[in-house]
Amino acid sequence: MANMACGMVTVQGHKGDILEFTERFISSDEIDNKTTEFGLYFNRSFVYARRREIFNEVNGLCSEGISTFELFVFFAWSAESCIINVKNNDEHISLSDACKLDGVSVTIHTEECDIEEYITCDSDGNLNYECERIPEYECPHCGSVMAIPSYIRIEENECCECGKLGLVLLPNDDDESEAA
Ligand SMILES: [Zn+2]
């Protein structure tokens, strides 16, 4: 599918609160019939799993204390357009409001073509949004150039061509034009 920003949503909170938060995404069996059965939901924000599968996974978390849960999500067309710039209506909720209502804190990394988004939101609804070009690296061994999202630990990342470590960050084009 074109123009989908995909990425990892990491939710921290009590098990029941995490479950409520996951119900705001559109599961694969809800694509054509998502309703407000579980409350307001995230616009155009999809997960591959079925509702029952997500429920079972969350249900497997420890009932005591704070847990962490990860969900792979597709946003059409960016997380910003789906869950941050949300107009109030009868169906959709913003990330900030959801975090407050559900009492969870969330980290989201997405990528789409050469753009990456990095979002954090705490349980008070304090949101931080960053959107940047994905950094490019050059392999000092074979000269290959590759774009690698910044959340990946580059020290452990091998060159996609020769498999060696030691990729070197290339200067950002935007920085060069500013310097010139
Ligand atoms: Zn290489």
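This is a predicted model: local features need pLDDT of at least 70, side-chain atom pairs count only at pLDDT 80 or more; totals for chains, interfaces and linings use all residues.
The domain assignment divides the protein into domain 1, spanning residues 4-133, and domain 2, spanning residues 136-179. Taken over C-alpha atoms, the centres of the two domains are separated by 30 Å. Five residues from domain 1 and five residues from domain 2 make up the contact.

Helix H1 comprises residues 15-22, and its buried residues are Ile 18, Leu 19, Phe 21 and Thr 22. These four lie on the same side of H1, because the arc they cover around the axis is only 165°. Their packing partners are strand S1 (4-13), helix H2 (51-59), strand S3 and helix H4 (95-102).

Turning to the sheet, three strands form an open arrangement in the order S8-S7-S9, with antiparallel pairing. Strand S8 (145-147) and strand S9 (168-169) are the edge strands, each pairing on one side only. Strand S7, residues 136-138, runs antiparallel to S9 and is joined to it by two bridges. Within this pairing, Tyr 137 has Leu 169 of S9 as its bridge partner.

Most residues other than glycine have a negative phi, and most peptide bonds are trans. Against that background, the peptide bond between Ala 76 and Trp 77 is cis, with omega at about 15°. Trp 77 sits in the loop that links strand S3 (67-76) to helix H3 (79-84).

Arg 44 is not a glycine, yet its phi is positive, at about 50°. This arginine is found in the loop between helix H1 and strand S2 (45-47). Arg 44 counts as partly exposed because it has 15 C-beta neighbours inside 10 Å, a count that falls between the limit of 12 or fewer for exposed residues and that of 20 or more for buried ones.

Cys 113, also a residue other than glycine, has a positive phi near 50°. Its place is in the loop between strand S4 (105-112) and strand S5 (115-121). Here 11 other C-beta atoms lie within 10 Å, so Cys 113 is exposed.

Notes
Residues are numbered from 1 along each chain as its sequence is written. Two strands pair if DSSP finds at least two bridges between them. The arc is that of the directions from the helix axis to the C-beta atoms. Two residues are in contact if their C-beta atoms, placed from the backbone, lie within 7 Å. Domain bounds come from an automatic or database domain assignment.
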